[in-house]
Amino acid sequence: MTARLPRPDDLISGMATELRSELPTHPIMIGIHTGGVWVAKRLHQSLDLTTPLGSIDINFYRDDFSRIGLHPQVKASEIPDDIEDRCLILVDDVLQTGRTIRAALNEIFSWGRPAAVQLAILVERSGRELPIQPDVVGARLDLNPSQHIKLLGPDTLEFSVSERPT
Amino acid sequence: MTSSVQFDTNGNLRHFLTIEGLSREALVEILDAAESFISIGERQIRKVPILRGRTLVNLFFEDSTRTRTTFEIAAKRLSADVINLNPARLSTNKGERILDTIRTLEAMHTDIFVIRDNASGTSHLVAKHVPSHVHIVNAGDGRHAHPTQAMLDMFTIRQHKDDFTKLRVAIVGDILHSRVARSQIHALKILGVPDIRVIGPRTLLPTEIEKMGVTPLCELDEGLQDVDVIMMLRLQLERMEGQLIPSAQEYFRQYGLTAERVQRAAPDAVVMHPGPINRGLEIASEVADGKRSLILEQVTNGIAVRMSIMAKLMAGQRGPEEGKE
């Protein structure tokens, strides 16, 4: 039913190549918990970035807090450096509705005003509900709305696709 | 006073009235979330939108500086609108008049009431009468409970000690009048602390306190032996009727925490106090300001812990504009 899934590590090396071609000076890379952090860690390594890697948890900025409440395992965001006037590379595993990225941008702006934010996404799929698009994409996958894709990790990355109960 | 009132029909925490009856998981969840709220204090913009558009009323029938202020800061960091009220104390038909006050404020679309009162059970009474979208937080009711204080104390202990199940804890002073002590004992028991000692003059130890699973002791020097945590209490002179302590000097001589007495505790023991402290009465200045003292950390932690508790109560609540999918 689904075509064979790509290997995340292959996609990441492709993303690294693409990022390297137009890498801003001293960028700060930030992964979104949890899958985005795994991807960011690998990208950070292949790009030999010397600036420390950041991570953010978007739970405080979710637009569905009043419906689903606070995730019991909210992690603290770690922004390692002053982001004022710096170029950021925001990394996540899956882009679908765009709401996570909206929340992540709000979170980032509570830490300061970056010069620019690039969005690097491992897998893009249809279903956008907000006007958000990635700058760098590992792969575009055609999935039914009922299918749910998840990145498993952290040691070995692989995708898992399941039917979402409706 | 256990409180099934504090849960909704799905077993979710709806009000925060007492520690009694809460599960270990619920306490740990609040402490874990508080950990992440700490980081908000370190940002350029110290605010998150979790309670944006919500209104919180601090209703303090009894004076307080730090509790009211930290609730206010906590709510503001969650983006709530905050109103502080300190109505004059009412003597007759008090319960009924408090409910009238609450109904009036409720009509102004208040979402959370933080209530402090000198009568035990006030927030419990209010919780029974508010509609389901209104949440009550007990900020201290008489001698009964002060659950948010106990949670920030647990949070502070956890920052310094690895494992609750190996701790020896001494709670020292005016146990009789202390809502803080009661809430602390419940929280420590739920988190699995095996050795809890309550220490004070016989006149200030409630009868049958050992039924709470603690060891009552009248000798401070004996009680402090090898403890990991010393939790001092404020001598509540305003609640004392009659002669419960001999004199200030005599009380300090027998029960005041001095640097010398701290030596009896474990080498890495920490000293806590909910404040405000009576220097030279229950605690010596050199201890209160000393390097083992966590008193100011407790105050700071109070903000994150109260944010965590309010976020938990408001979780899963639909506002009026969110009724449709």
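Predicted model: local features only at pLDDT ≥ 70, side-chain atom pairs only at ≥ 80, totals over all residues.
View 1. With a relative accessible area of 54%, Lys128(B) is exposed (over 50% counts as exposed, under 20% as buried and anything in between as partly exposed, with a 1.4 Å probe and protein chains only). Lys128(B) sits in helix 4 (residues 122-129) of chain B; helices (H or I, at least four residues) and strands (E, at least two) are DSSP runs, numbered from the N terminus.

Residues are numbered from 1 along each chain as its sequence is written, chains are lettered from A and ligands numbered from 1 in the order in which they are written, and side-chain values use heavy atoms, leaving out hydrogens and water.

**View 2. Helix 1 meets helix 5 in chain B.** Here helix 1 (residues 24-38) of chain B packs against helix 5 (residues 147-160) of chain B at an angle of about 70 degrees, and their axes are 10 Å apart. The two helices are therefore roughly perpendicular to each other (65 to 115 degrees; under 35 is roughly parallel, over 145 roughly antiparallel and the rest oblique). Axes are lines fitted to C-alpha atoms, for helices over the stretch in contact, and angles run from 0 to 180 degrees between N-to-C directions. Helix 1 of chain B contributes residues including Leu27(B), Leu31(B) and Ile38(B), and helix 5 of chain B residues including Met151(B), Phe155(B) and Arg158(B); contact means heavy atoms within 4.5 Å.

**View 3. Asn58(B), a buried residue in a strand.** Asn58(B) belongs to strand 1 (residues 55-60) of chain B. At 0% relative accessibility, Asn58(B) is buried. Apart from neighbours within four places in sequence, the contacts of Asn58(B) include Arg68(B), Glu72(B), Asn84(B) and Val114(B).

View 4. Tyr251(B) is buried at 2% relative accessible area, and Tyr255(B) is buried at 6%.

**View 5. The surroundings of Met232(B).** Met232(B) is part of strand 8 (residues 229-232) of chain B and is buried, at 1% relative accessibility. Beyond neighbours within four places in sequence, Met232(B) touches residues including Tyr255(B), Leu257(B) and Pro274(B). Although 42 residues apart in sequence, Met232(B) and Pro274(B) lie 7.5 Å apart, C-alpha to C-alpha.

**View 6. Two cis peptide bonds.** In chain A, Gly153(A) and Pro154(A) are joined by a cis peptide bond with omega of about 5 degrees, and Pro154(A) is in the loop between strand 6 (147-152) and strand 7 (158-163). In chain B, a cis bond links Gly275(B) and Pro276(B), with omega of about -10 degrees; Pro276(B) is in the loop between strand 9 (270-272) and helix 10 (285-288).
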